[in-house]
Amino acid sequence: MALRIRAGPFTVVSHVLGVVAAIMVLVWCIHFRGGLAFEATNKSLIFNIHPVLLLIGFIILGGEAIISYKALPWRKEVKKLIHLILHAIALILGIVGIYAAFKFHNESGIPNLYSLHSWIGIGVISLYGIQWIFGFVVFFYPGGSATVRADSLPWHALFGLFVYVLALGTAALGFLEKLTFLQNSGLDKYGSEAFLVNFTAIVTVLFGTFIVLSAVSPNHVVDDFSYSSI
């Protein structure tokens, strides 16, 4: 059964939550964790690139790409191009963010790919890339036939939401993993940084929830007058 609530309000809330989540992760990584750097004697600055690019690039821009058809007032061809470009930027930033995590581990003598977060994360970025390539080939260039596009679209949209929900779960695991490491290293479990990390994770999940609600809601709700009169 289709939702009988317009997508508009959901997209507005998504934009607001996305801005809030971006600010929160930047405050965490710059104010509490010391900043961002690809080259540094303090290797934690290298790691800080990971949550910033994965959240702002992969989760937020990826979410905005999903709802671009609902949030933008322009022609379908323009929205399709924006959808494609935003997903490409999200994918690139996600790859760079994952590279930063590997670089941090390698330069700090920490093993790679030992946690559930990392396992699912590699799976998600791989599926995201496959999804983008499929969308580019079928819907953009060279483009499939009208029948192929029509048959593929529902599955493309469904698989895209599936991968996005996996990405949200992976992000939540990442926040939990990093905060656990910090707390085991002496961070106050009830301190301001711990609360900031937890609330950033909550806002991220809420952002993703409204992205999904926006994606599955219609642009316009039409009363079909299918009810029975009293």
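Start by selecting Phe159, which is partly exposed with a relative accessible area of 28% (buried means under 20%, exposed over 50% and partly exposed in between, with a 1.4 Å probe and protein chains only). This is a predicted model, in which local features need pLDDT of at least 70 and side-chain atom pairs count only at pLDDT 80 or more, while totals for chains, interfaces and linings use all residues. Residues are numbered from 1 along each chain as its sequence is written, and side-chain values use heavy atoms, with hydrogens and water left out.

Because Phe159 and Phe162 are 3 residues apart in helix H7 (residues 146-184), about one helical turn separates them; helices (H or I, at least four residues) and strands (E, at least two) are DSSP runs, numbered from the N terminus.

Next, select His117, which is placed in helix H6 (residues 116-140) and counts as buried at 17% relative accessibility. Leaving aside residues up to four places away in sequence, His117 touches His50, Thr170, Leu173, Gly174 and Glu177, where contact means heavy atoms within 4.5 Å.

Finally, select Trp132, Phe136 and Phe140, which ring pairs link into a cluster.

Methods. Phe/Tyr/Trp six-rings, centres within 6.5 Å; stacked < 30°, edge-to-face > 60°.
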